[in-house]
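Consider the structure below with an eye to its charged side chains. The paragraphs that follow take up their pairings one after another.

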Amino acid sequence: MSFLFGSRSSKTFKPKKNIPEGSHQYELLKHAEATLGSGNLRMAVMLPEGEDLNEWVAVNTVDFFNQINMLYGTITDFCTEESCPVMSAGPKYEYHWADGTNIKKPIKCSAPKYIDYLMTWVQDQLDDETLFPSKIGVPFPKNFMSVAKTILKRLFRVYAHIYHQHFDPVIQLQEEAHLNTSFKHFIFFVQEFNLIDRRELVPLQELIEKLTSKDR
């Protein structure tokens, strides 16, 4: 959660997405932060009793967007057209961008360009009131879960790129604990609700096993 990141790393890549104060989703976010504070991430990701799964997934998806936004924001100086001419997660995994509307056929582009496309696309989804309703009583659309899964699958790629290509600057900036805690929280969340296909997680499989084995 955002409280993990001290003020010194408040540089974000895109504008932060705020959940409106006073809303039920804001209460859910506060609940999530409180349970996270206990240090038990497995417990923290569980659906609170009596809550709507769509709403819980929505609140957490917004929060992960903000966390990744902040983490990537700290290393943008190291992720350039020259250093990262392709969007990769190690030598075996390369991602090409397509959003299905503006860019239908996947294009090969640099990591900073890819991540710009990706985060702008996520931001547009989060800002769409028909997809992510912030008003009480407005129902989530039938396709909400499939949209959320696509968002989380794509956000995972930013973690994968940071870990594979930019881990040295993360260590230099002393962001390693933040990155690991954020990613571990993300993985527990997607595992709890089966939100990302296992094949998509392969680029960070060893790390996932290492981070999650302590908490079985």
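A salt bridge is taken here as a side-chain nitrogen of Lys or Arg within 4 Å of a carboxyl oxygen of Asp or Glu, and a search of the whole structure finds six of them. The model is a predicted one, in which local features need pLDDT of at least 70 and side-chain atom pairs count only at pLDDT 80 or more, while totals for chains, interfaces and linings use all residues. Residues are numbered from 1 along each chain as its sequence is written, and side-chain values use heavy atoms, with hydrogens and water left out.

One of these salt bridges joins Lys14 to Asp116, with 2.5 Å between the closest N and O atoms. Because Lys14 lies in the segment before α1 (24–37) and Asp116 in helix α4 (residues 111–127), the pair ties together parts that are 102 residues apart in sequence; helices here are DSSP runs (H or I, at least four residues), numbered from the N terminus. Lys14 counts as buried at 14% relative accessibility, whereas Asp116, at 30%, counts as partly exposed, where buried means under 20% relative accessible area, exposed over 50%, and partly exposed in between (1.4 Å probe, protein chains only).

Within helix α1, Lys30 and Glu33 lie three residues apart, about one turn of the helix, and form a salt bridge whose closest N and O atoms are 3.3 Å apart. Lys30 is partly exposed at 36% relative accessibility, and Glu33 is buried at 16%.

Arg157 and Glu200 also meet through their side chains in a salt bridge, at 3.5 Å from N to O. Arg157 belongs to helix α5 (residues 144–165) and Glu200 to the loop between α7 (176–192) and α8 (205–213), so this pair ties together parts that are 43 residues apart in sequence.

How values were computed:
Helix = DSSP H or I, 4+ residues; strand = E, 2+ residues; numbered from the N terminus.
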